[in-house]
Amino acid sequence: MTLTTSRFIGHDQDRGIVQFSMQDGATEIPCAISTSAMDDLERGPRARPAEREAQFTRLRDRIEACTGRKYQATEFEGTPPGIVLRSIDFRG
């Protein structure tokens, strides 16, 4: 099944991630992207904590496309299993 957009959860400054979710039918898939990956995608100065949600929104299409690829490849991490994106996931 194809993933669809779900919700922005929030920025966890201590862990350096932005949490969000995607939907596979009725199943919510927990996801996260490192803030350094988002900064690398924008190739500009590091975003401030208060800017992370807006930055995620700007990059959402690219983030969700990459999430979908990792989901199809069943590259899950953590408990509960979810998708984690890092800078390396957007290279090549």
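Leaving aside neighbours within four places in sequence, Ser87 is in contact (heavy atoms within 4.5 Å) with Ser34, Ser36, Ala37 and Asp40. The model is predicted: local features need pLDDT of at least 70 and side-chain atom pairs pLDDT 80 or more, while totals for chains, interfaces and linings use all residues. Residues are numbered from 1 along each chain as its sequence is written, and side-chain values use heavy atoms, without hydrogens and water.

Ser87 lies in the segment after strand S4 (83-85); strands are DSSP runs of E of at least two residues, helices runs of H or I of at least four, both numbered from the N terminus. With a relative accessible area of 14%, Ser87 counts as buried (under 20%; exposed is over 50%, partly exposed in between; 1.4 Å probe, protein chains only). Its side chain makes a polar contact with the side chain of Asp40 at 2.5 Å. A polar contact is a pair of N or O atoms within 3.5 Å; within protein, one must be able to donate a hydrogen and the other to accept it, and residues adjacent in sequence count only if both atoms are side-chain atoms.

Thr67 sits in helix H2 (residues 52-72). Thr67 is also buried, with a relative accessible area of 0%. A polar atom of the Thr67 side chain lies 2.8 Å from the backbone oxygen of Ile63. Beyond neighbours within four places in sequence, Thr67 is in contact with Leu3, Phe20, Met22, Cys31, Ile83 and Leu85.
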